[in-house]
Amino acid sequence: MDDAIQSPANGRTRLTTSGCAGCKLAQSPIALGFAFQPIVDVRSGSVFAHEALVRGPRGEPASSVLAQVHEDNRYHFDQRCRTTAIAQAAALEMGGLLSINFMPNAVYRAEACIRSTLEAAEQHGFPIERIIFETIEGESIHDRSHLVDIFRAYKRFGFQTAIDDFGAGYSGLSLLADFQPDLIKLDMNLVRDVDTDYVRQRIVCGVLAICNDLGVRVVAEGIETRGERDFFLANGVTLMQGYFFAKPAFRSIPRIDSAALET
């Protein structure tokens, strides 16, 4: 069992021992790499973060990798994704934040399962304050209270948290009621053509009002046109992600289209 104690220096949770049920499962032999896509702050013209997107070892699509994940190797696959993303980001001397997707159903005990992430961050000199853990709202979650416990634990460790694809599933608002992350990422289906779609505009503006009241920052992901970008800027959203700014780059930091930042 892991014992979590409070560090007197910063009040964050740290670990004294290691081990959980997932450690007993088979190791994951799945070969993988990462592509990185920037989240930009359009107003300042800077990179806010890069999202680590899993790929095959030679840049094959994520689907080819995820198809190999099953119940017996999910835990170690999730662990390898975290540590590999940190190692590759550090090797690229990446600035800003690093956003890592995690699988809630692969986390047995948050305090135990975070051990390898902390070790990788220390080994590669990547401060945990620069790591965002995000999960997909639409993923099948066996126990939402377990996901909330994971988020709360990660927050105590000093990581930032995000709900990805907000609006794609059925649990978004109730999840937000139970836990307020640092960020939510609007699902691209709400973003698409929002500048010309009145219904999407009303839905998005409602979500923005709620997040503003709760102190949660919003990322508009899947931006593909100047019209979509301008709609969000006009409504106070400055953090955006999408092909309009840059496509993911495999094992490298992508170049942002400077024209996409011109307002």
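1. **Ground rules.** Residues are numbered from 1 along each chain as its sequence is written, and side-chain values use heavy atoms, with hydrogens and water left out. Since the model is predicted, local features need pLDDT of at least 70 and side-chain atom pairs count only at pLDDT 80 or more, while totals for chains, interfaces and linings use all residues.

2. **The overall picture.** The protein has 9 helices and 11 strands. Those are DSSP runs numbered from the N terminus (helices: H or I, at least four residues; strands: E, at least two). Of the 263 residues, 50% are buried. Here buried means under 20% relative accessible area, exposed means over 50%, and partly exposed is in between (1.4 Å probe, protein chains only).

3. **Surface and contacts.** Now take the contacts (heavy atoms within 4.5 Å). Among those between residues at least 6 apart in sequence, 69% join residues at least 24 apart.

4. **The second largest pocket.** This pocket holds about 240 Å³ of space. On a 1 Å grid over the protein atoms alone, a pocket is an open set of points with protein on both sides within 12 Å along at least five of seven lines, whereas a cavity is a set where a 1.4 Å probe fits but cannot get out; lining residues have an atom within 4 Å of a point. Grid points are joined across faces, edges and corners, and a volume is the space filled by probe spheres set on the points.

5. **Who lines that pocket?** Among the lining residues are Leu208, Cys211, Asn212, Arg217 and Thr238. Helix H8 (198-214) and strand S9 (217-221) each supply at least two residues of the lining, and H8 gives the largest share, 3 residues. By type, the lining divides into 6 nonpolar, 5 polar and 1 charged. Nonpolar covers Ala, Val, Leu, Ile, Met, Phe, Trp, Tyr, Cys and Pro; charged covers Asp, Glu, Lys and Arg; the others, Gly among them, are polar.

6. **Thr238, one of the lining residues.** Find Thr238 in the loop between helix H9 (226-234) and strand S10 (239-241). It counts as buried, at 11% relative accessibility. Leave out residues up to four places away in sequence, and Thr238 touches Val40, Asp41, Val42, Arg43, Arg217 and Leu233.

7. **The S10–S11 loop.** Gly242 and Pro248 are worth looking at together: Gly242 lies in the loop between S10 and S11, and Pro248 lies in the loop between S10 and strand S11 (249-250). Buried or exposed? Gly242 is buried, with a relative accessible area of 5%, while Pro248 counts as partly exposed at 23%.

8. Pro248 and Gln37 are 211 residues apart in sequence, yet their C-alpha atoms are 4.3 Å apart in space. Beyond neighbours within four places, the contacts of Pro248 include Ala35, Phe36, Gln37 and Leu53. Gly242 and Ile39 are 203 residues apart along the chain and 7.9 Å apart, C-alpha to C-alpha. With residues up to four places away set aside, Gly242 touches Gln37, Gly222 and Ile223.

9. Glu93 lies in the loop between helix H2 (74-91) and strand S5 (97-101) and is exposed, at 72% relative accessible area. Asp165 is found in strand S7 (residues 160-166) and counts as buried, at 19%.

10. How many disulfides does the structure hold? It holds 0, going by pairs of cysteine sulfur atoms within 2.5 Å. Cys113 is buried at 0% relative accessibility, and Cys211 is buried at 0%. Ile114 sits in the loop between helix H3 (110-113) and helix H4 (115-123) and is buried, with a relative accessible area of 0%.
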